[in-house]
Amino acid sequence: MLGRAREQGLLRLSVVNFRDYAESKHKNVDDEPYGGGAGMLLKPEPIYNAFASVLGPREAYPGKVLLMSPQGTPFTQRIAESLAKEDDLAILCGHYEGFDERIRHLADMELSIGDYVLTGGELPAMVVIDGVCRLIPGVLGEDASHQADSYADGLLEHPHYTRPRQYLGMDVPDVLLSGNHEEIRLWRRKESLRRTWLRRRDLLAGADLSAEDMKLLDDVKREEE
Ligand code: 4HQ
């Protein structure tokens with residue numbers, strides 16, 4: 001999807017290798033921590049030099065600068081939506097165990113993709129790129145299919161079915177074949193609430209639920225007791 005978006009001119013994406021901006025003749029981008037301890041740290045100069053060479057003075061950069069780190073703000077659909085409104089984004093990341101604290105000063109926002117530790121920030125950066133770019137108008141195609149996604153309204157998605165009607169003894173729910181659009185809407189909303197209640201009860205606190213939702217959720221709770 002992102003490859004097509006680039007071809008269509010909906011998106012410009014480039015990767016900069018900060019090793020090319022290392023100062024020493026050995027092109028080293030990491031060094032030992034002051035105070036001792038295991039592991040190496042990413043040095044600030046290659047990142048600062050790369051930024052200035054490619055994007056110009058930091059204070060003149062018009063977009064948001066992101067830094068990938070498990071210590072960051074959790075990356076959510078809400079954050080993806082706000083980043084998708086920006087014309088320019090820069091993401092700082094690398095393959096390293098940690099970075100010099102002064103690298104943080106380049107960033108507007110530190111983002112985490114989850115509570116686990118990876119070997120580098122490249123995959124987290126790609127996750128953010130994917131989550132943000134699919135929200136750019138035209139990238140997913142004409143239908144606004146992301147509107148119905150999990151999290152778009154704070155709830156998990158209802159179950160989906162396609163042909164065949166029967167498979168390995170598993171039937172498509174009758175209501176989906178009924179042609180009754182109001183009944184289908186209610187069933188989907190209820191199953192969306194059921195999934196969220198069973199799998200991610202924490203999300204219900206932040207979802208804005210209508211009076212109808214509250215009634216459906218009551219039914220779900222009674223059925224799941
Ligand atoms: N890393 N969310 C370690 C991550 C990470 C995450 C990036 C690996 C930072 C120092 N980034 N480096 N989780 O695990 O964003």
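Is Arg185 buried, partly exposed or exposed? Arg185 is partly exposed, with a relative accessible area of 37%. Here buried means under 20% relative accessible area, exposed means over 50%, and partly exposed lies in between (1.4 Å probe, protein chains only). The model is predicted: local features need pLDDT of at least 70, side-chain atom pairs count only at pLDDT 80 or more, and totals for chains, interfaces and linings use all residues. Residues are numbered from 1 along each chain as its sequence is written, and side-chain values use heavy atoms, with hydrogens and water left out.

Arg185 forms a salt bridge with Glu182. The closest N and O atoms of this pair are 2.8 Å apart. A salt bridge is a side-chain nitrogen of Lys or Arg within 4 Å of a carboxyl oxygen of Asp or Glu. Arg185 and Glu182 are separated by about one helical turn, because they stand three residues apart in helix 5 (residues 181–199). Helices (H or I, at least four residues) and strands (E, at least two) are DSSP runs, numbered from the N terminus. Glu182 is partly exposed, at 42% relative accessibility.

The whole structure holds 17 salt bridges. One of them joins the side chains of Lys64 and Glu86, at 3.7 Å from N to O. This pair links distant parts of the chain, 22 residues apart. Lys64 is in strand 3, whereas Glu86 is in the loop between helix 3 (77–84) and strand 4 (89–92). Lys64 is partly exposed at 30% relative accessibility, and Glu86 is partly exposed at 27%. Asp202 and Arg200 also meet through their side chains in a salt bridge, at 2.9 Å from N to O. Asp202 is partly exposed at 49%; Arg200 is partly exposed at 29%. A network of salt bridges links Lys190, Glu191, Arg194, Glu223 and Glu224.

The ligand is surrounded by 15 residues. The closest are Tyr96, Ile113, Gly114, Tyr116 and Leu118. A polar backbone atom of Ser69 is 3.3 Å from an oxygen atom of the ligand. A nitrogen atom of the ligand lies 3.2 Å from a backbone N or O atom of Gly114. A polar backbone atom of Tyr116 is 3.0 Å from a nitrogen atom of the ligand. Taken alone, the ligand exposes 360 Å², and the protein buries 97% of that. Strand 3 (64–74) and strand 5 are the elements that give two or more residues to the shell around the ligand. Strand 3 gives the most, with three residues.

Ser69 has a further partner. Its side chain is joined to that of Glu110 by a polar contact of 3.2 Å. A polar contact is a pair of N or O atoms within 3.5 Å; within protein, one must be able to donate a hydrogen and the other to accept it, and residues adjacent in sequence count only if both atoms are side-chain atoms. Glu110 is in strand 5. Glu110 is buried, with a relative accessible area of 18%.

Tyr116 and Leu118 also belong to a nonpolar surface patch with Leu123 and Met126. Together these residues have about 410 Å² of accessible area. Patches are made of residues with over 30% relative accessible area and no salt bridge: like charges are joined within 9 Å, nonpolar side chains (Val, Leu, Ile, Met, Phe, Trp, Tyr) within 5 Å. Accessible areas come from the Shrake-Rupley method with a 1.4 Å probe; for residues, only the protein chains shown count as cover. Leu118 is in the loop between strand 5 (109–112) and helix 4 (122–133). Leu118 is partly exposed, at 37% relative accessibility.

The structure has zero disulfides (pairs of cysteine sulfur atoms within 2.5 Å). Cys93 is in no disulfide; the nearest cysteine sulfur, that of Cys133, is 14 Å away. That distance is too far for a bond. Cys93 is partly exposed at 22%, whereas Cys133 is buried at 7%.

The peptide bond from Arg163 to Pro164 is cis, with omega near 5°. Pro164 is in the loop between helix 4 and strand 6 (166–167). Lys27, a residue other than glycine, has a positive phi near 55°. Leu168 is not a glycine either, yet has a positive phi of about 50°. Leu168 is exposed, at 68% relative accessibility.

How values were computed:
Near = heavy atom within 4 Å.
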